[in-house]
Amino acid sequence: MADDPVPRLGNKTPLQAAATPAIDRMAANGLVGSVVNCPPPLPAGSETAILSIFGCDPRKYFTGRSPMEAAAAGIKMQRGDAAFRCNLVTLEDGDGPMEKKRILSHSAGSIDGPSAMETTAALLADSRFAAALAAARIDIHRFPVFRQLAVQHESDISDIRFSPPHDHLGEEAGFYLPAGNQRAEVFAGLMRLAHEILDRHPVTEKRRATGKLPANGIWFWAEGTAAALPSFREQYGLDGAVISAVPLCQGIGVLRGLERVEVEGATGELDTNFEGKLEAVWTKLQKYDFVCLHLEAPDECTHNGDLPGKLQAIEWLDSRLVEPLLSRMETAGIEHRILLLSDHKTLTATRGHGADPVPFLLYDSRQSTGRGGVYDEPAGEKGPFVEDGSTLLSRLFDDTL
């Protein structure tokens, strides 16, 4: 949800423009600063930022995004395997080669679950594509979202450049296809073939006919080998739970030994089940001392170029999650500390990620700093600066602000 100033908002950031009274009440009585969750030279993205937030230095533990998503899905990777995100994407219509077509959506227009399953089933049923996958020693694991997962056996991904599609929306696909050596051509070739098969397939035409963006391509990225993370309990002496619609966040939690909590209707989009997430947090707080709640909607809205949606997501974070959770804990007399922050910036200007520091908020119900103020990017810049984001979580478990 963190961002840069947006001209359409009078050069305010979405956090400054959105109404967040419950969050700002915590900020007025807590501590607001800024933190680097994506240390250079690592990519600016959730795959590095959420590792930092969970107390793991990504410079030491990052082996790629997809192995963590595989862990969340219960997919066991063997020595020599590599995992990849395989997004369903939208490439612009036209008769030219795939390389000349612009990437319109990294999520095929936030494709719904049944359509995602239908599209991937159609692709995998094609004999040419099935033969090409077998020759490449690749298995594609299907999920009812745009986020599909691929695993290549006996893999060597050294010196191959993979590019995240959400960072290149509106740009021609050709430059961002996997490249770097001959082994990269296996992935690029599969992407070209998938586009050839899907572009005019009946399942794709059905989406076009209803005015939806077509899922007419796949995109390999977020490559990585098997991951292992240290025990959360051994590091902090606590057990806990992770509530998220995003496999990456779930997978990091699983690898740390935390409970993965699935909420029916949690989509990772603006239509996610806010109330279901709230109930899940409340339930798990009866069992654990630590619960992580993750909301993806501000990020997805930004990637989709939906500024009103981003503002709504931030305001619903405040009114449908933070405010009722605070109210319940205060009514029940439960002492609590809250760490609230964005993992990374997602920029309205580019619809891509940014690596700049993001604001964090630390609040303790037992004490007030009396500092006043609000929670946004300028407030974060005026507060304490945490250069190593992997150290921030330990502050949540301290007794001071």
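This is a predicted model: local features need pLDDT of at least 70, side-chain atom pairs count only at pLDDT 80 or more; totals for chains, interfaces and linings use all residues.
Among contacts between residues at least 6 apart in the sequence of the protein chain, 71% join residues at least 24 apart.

The secondary structure of the chain consists of 16 helices and 14 strands. The radius of gyration is 21 Å, close to the 21 Å that the globule rule gives for 401 residues, so the chain is as compact as a globular protein of that length. Along its principal axes, the C-alpha trace spans about 65 × 45 × 35 Å.

The next topic is the division between interior and surface. Of the 401 residues in the chain, 55% are buried. The accessible surface amounts to about 16400 Å², and carbon and sulfur atoms account for 51% of that area. As for charge, the chain carries 40 positive and 55 negative side chains, and the centres of these two sets lie 1 Å apart.

T348 lies in the loop that runs between β11 (345–346) and β12 (353–354). Is T348 buried or exposed? Its relative accessible area is 16%, and because the cut-off for a buried residue is under 20%, T348 counts as buried.

Which residues does T348 touch, leaving aside those up to four places away in sequence? They are D3, V6, R8, P14, T302, L307 and K310. With one of them, D3, there is also a polar contact: the side chain of T348 meets the side chain of D3 at 2.6 Å.

Methods. Residues are numbered from 1 along each chain as its sequence is written. Side-chain values use heavy atoms; hydrogens and water are left out. Helices (H or I, at least four residues) and strands (E, at least two) are DSSP runs, numbered from the N terminus. The radius of gyration is taken over C-alpha atoms; the globule rule is 2.2 Å times the number of residues to the power 0.38. Buried means under 20% relative accessible area, exposed over 50%, partly exposed in between (1.4 Å probe, protein chains only). Contact means heavy atoms within 4.5 Å. Accessible areas come from the Shrake-Rupley method with a 1.4 Å probe; for residues, only the protein chains shown count as cover. Lys and Arg count as positive and Asp and Glu as negative; His and the chain ends are not counted. The place of a charge is taken as NZ of Lys, CZ of Arg, CG of Asp or CD of Glu. A polar contact is a pair of N or O atoms within 3.5 Å; within protein, one must be able to donate a hydrogen and the other to accept it, and residues adjacent in sequence count only if both atoms are side-chain atoms.
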